[in-house]
Amino acid sequence: MTEKIRLLIVDDEKEFLEALGERLEMREFEVHEATGGIDALAACSRENFDIALVDLKMPGMDGQELLIRLKEEDRFLEIIILTGHGSLGSAVECTKLGAFSYLPKPYDLEELLKVLQAAYTERLKKKFADQELRIQEIMDLAQGSSPLTILRRMKKLDQE
Amino acid sequence: MNRPNDSRQSLYRVLLRHALVRLIFLYFIPLLLLTLFFHLQYRLIVRDTRDRHLMSLAEHQASMLDMFLGDRLLNLTNLADDPGLWRDPDVSDLEIRHEQLCRASEAFVDLSVLDGMGRVLGYSGPHSYLEKEVYAGQEWFIRLKTGGVSHIITDVYLGFRGQPHFTMALKLEAGGGTRILRAVLNPDKIRAHMASLEGAGEVHAAIVDRFGKVQVSSSSVPGFSTMGKIPAPGSERTGVGTFSGESGDTVYSWAWLSSVPWALVAVDATGGQGGLVGGGRQFSDIITNIWLFAALFCLLGGWVIILQARWVAREQYAALNKEREFSRQLMQASKLASVGELAAGVAHEINNPLAVVSEKAGLVKDLLDPAFGRTPTPSQLREHLDAIEKAVFRCTDITRNLLGFVRQEEVRLVERDLHVLIDDVAAGILGPELHVDDIRIEKEYDPKLGFIFTDPGQLRQVLFNLLKNAAEAVSTPGKITIRTRLNDDRFTLDVIDTGPGLSAEELEKVFMPFFTTKAPGKGTGLGLSVSYRIVKGLGGRMAVSSASGNGTTFTVDLPIRS
C-alpha cells in the first residue's frame, strides 16, 4: 500500500475548504479539513500530518499564531501559508517564522501541487538529515558498547 | 456657474468692508481725534495769549493813567504851596494860578477855592456863574470834609454845567479854617491822552467806575461810549472777562487804577479771535489753511485707506482661496490614500471569493475529467456552480461598496434611513474585516430616529473612517458600540471602542491631518481629519473624548436636514 501524503487544510472559508479538500483527495492526498486554529491544533495533536495549508486571516487565531503553535506541536510539519492579502510583508514574516512557502489566493492548482511537492521533499530531507544525525549520535554514544546494544538502539529509533 | 461667482463676489465685498472698517478705526479715527485735540489745544493757547496780551495792555494803560492823574494832582498840590491863596483868594491871583495849571495840562478847565461850608471864595474859569454855587451838599464835598483824606478825585458827572467833567479837590487846614482848592478837568483830555498811549490802536479802552459806568472812552464802540454801562469789572486788581453784546460775546480785560476807584477796560479792537497775536487776517488764514489741509489729508488718507483695504481684502481673499484649494486637495489626497488603504483590504476581500470560484471551477472540471473516473450528478454540479455564483455576487457587493465610497464630490442631499446606512457600512465593506478580527459591533439605535436628509456618500465615508479607526484601535477580540440619539432637529452618533484610548496630547491632535497613532506606513492619518471636514461641511460637529486605557468615543452631531 502506498502511503498517502497527509495534509491539514485550515481556512475559515468553508466552500473553499471543501472544494480544495475534494480536489486534493482526488489527487491521492489524505486531507484533513479544519475551519479554525483550535480545530487544527486539536487534529495535529491527534494525528501526524506531513504538510499544513494555513489561511493567514482567520477569526480567533490568525495564521501566524497558528503557524507558531503548529511548529511547536510538530517541528517536521511543513507549513504553506495561503492568503488573499496581496502584501509581501506578511509573507516574508511568515517565512521568517518557519513557513515553508507562501501562496497568494487565488492560485493555479498545478502551482499548489508543485509547492506541495517541494515542501514534502524538504520535509523528508530534514527528517532524514535529522535521523542521520541521530544515528551518528547513537554510534558515537555506543562507542565501546556491544554490537547488540547498538542494534537495539537503532531499532528503537526506527520505531520512533 | 453664476452662483459660486456671485458668492465669491460677495465674499470679496465682505472682506473689503471689514478691512475698510478696521483701517478706519485703526488709523483714521485716532488721527482725526488727535488733530481735533491739537486744534483745540491751539485755540486754547491762542485765547490764553490774547487774554494775557489784553490784560497787559489794560495794566499798562491803567498805570499810565494813574501817572497822568498823579501828575495832575501834583499840579494842583503845587498851587497849594502859596499861602496867600488861602487867606483871601484874589481873583486875578487865581487867574494867574489857573493859567499856570492850564499850561501844565490842558485837561484843567477851571479853578476855584471853597471854604469849609462849600461856598465859593474865588473862581477862575469859563463858567463864571459857578461863583454863586454852594457845594456843601455834594457827595464829593462831604467825603472830602468828613473823610480822613486830603484830596479827592470824583467820577465823571454832568454837575451844574451840564457837561461831563470830573473834579480834583484838595483839602487844606489853614489858620482861618478849612479851605478847599478845586479844579475841574475835562475827560476829553484823558481820552486824548489814552489815544496816545502805547498799544492804543489795538484796543478800545474805557475807564469805568466800580459799577461799570463808563467814565471815559477812547473810541465810540456801541455801548462803550462815555456814560454808557458795561458789566462791573471783577474785584481783582486785573483780569479778563466777557460781556454779551449785539455782536456776540466780547472779551475784555480790566485793570484797576490805584489813585481812583476806576478801572481801565480794554476790548480787542482788531476783531477776530486772536488778532492780538498775529492779526485777525493771518489767524483766519491759518484756520482756513488748517481746514484745507485737513480736507486734503482726509482725501489723501481716504484714498490710501481704500487702496490699502482693497489690497488687504485681495490678499485675504487669495489666502482664503488658497486654503480652500489646499483643503480640497487634501480631501482628494486623503480620498486617494483611503482608496489605497482600501485597496489592500479590498484585495483580500475579493481574493477570498475568487479563490472559492477558482477552486469550485477546478473541482467541476476535475469531476468532469474522465481521468478521475467520477460521474457527478447534475445536482452535484449545480451545487458547486451555485457556490461559484454566490462568490461572484460577494465580489460584486464589494466593488459596488467601493464605488459608493469613492464616488461624487458635490454634496447631494437625499433622504436615507440613517440606521440602514450605518448597517451598510458596518456589514458591507467592513463586515468581513471586522469578522475576521473578532470585533463585535453593538448597535444602540434610537427607534425615534429614522430618515434623515444627508449626503449618503459623504456620511458613508465618515462612518467608514470612524468604524475603521475604532476597529484598528480595539485589541481583538473587542467591541465597538454604535449609538444614535435624536435631539429635536439634530441627531448624534457615537462610535465607542474598547481600545486603549488616547492621551490628552493625542486627543488634541486627533483631527489634524497626517496625525496617526499607528506605525509608519500603516495609516495615513487622514481619515479622521477628512471626516471632521465632511461633518463640518454637512453643518455638524465632531468631537472626541477618551479616558486613557478606557476606550475612545467619537461623537458626530448633525442636523436631521443637512
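Buried means under 20% relative accessible area, exposed over 50%, and partly exposed in between (1.4 Å probe, protein chains only). The model is predicted: local features need pLDDT of at least 70, side-chain atom pairs count only at pLDDT 80 or more, and totals for chains, interfaces and linings use all residues. Residues are numbered from 1 along each chain as its sequence is written, chains are lettered from A and ligands numbered from 1 in the order in which they are written, and side-chain values use heavy atoms, with hydrogens and water left out.

**View 1. Salt bridge between B:Arg541 and B:Asp557.** The closest N and O atoms of the two side chains are 3.3 Å apart; a salt bridge is a side-chain nitrogen of Lys or Arg within 4 Å of a carboxyl oxygen of Asp or Glu. The pair links distant parts of the chain, with B:Arg541 in strand 16 (residues 541-546) and B:Asp557 in strand 17 (residues 552-559) of chain B, 16 residues apart. Helices (H or I, at least four residues) and strands (E, at least two) are DSSP runs numbered from the N terminus. B:Asp557 is buried at a relative accessible area of 11%, whereas B:Arg541 is exposed at 54%.

**View 2. Salt bridge between A:Lys105 and A:Asp55.** Here the closest N and O atoms are 3.5 Å apart. A:Lys105 lies in the loop between strand 5 (101-104) and helix 5 of chain A, and A:Asp55 in strand 3 (residues 51-55), so the pair ties together parts that are 50 residues apart in sequence. A:Lys105 is buried, with a relative accessible area of 3%, and A:Asp55 is buried at 1%.

**View 3. Helix 5 of chain A, residues 109-141.** The helix has 33 residues and reaches 47 Å from its first C-alpha to its last, close to the 48 Å expected at 1.5 Å a residue; the expected span is 1.5 Å times one less than the number of residues. Buried residues in this helix include A:Leu109, A:Leu112, A:Arg123 and A:Asp130.

**View 4. Interface of chain B and chain A.** In this interface 25 residues of chain B are in contact (heavy atoms within 4.5 Å) with 20 residues of chain A. The area buried between the chains is about 2100 Å², of which carbon and sulfur atoms give 56%; buried area is the accessible area (1.4 Å probe) that two parts lose on being put together, summed over both. In chain B, B:His348, B:Glu359 and B:Val436 lose the most area to chain A, together 27% of what that side buries. Five salt bridges cross the interface, among them the one between A:Arg27 and B:Asp366 (2.7 Å, N to O).

**View 5. Nonpolar surface patch on chain B.** B:Leu31, B:Leu34, B:Phe37, B:Phe38, B:Phe293 and B:Phe297 together have about 600 Å² of accessible area, computed by the Shrake-Rupley method with a 1.4 Å probe, where for residues only the protein chains shown count as cover. Patches are made of residues with over 30% relative accessible area and no salt bridge: like charges are joined within 9 Å, nonpolar side chains (Val, Leu, Ile, Met, Phe, Trp, Tyr) within 5 Å. Helix 1 (2-80) and helix 7 (280-368) each supply at least two residues, and helix 1 gives the most, with four.
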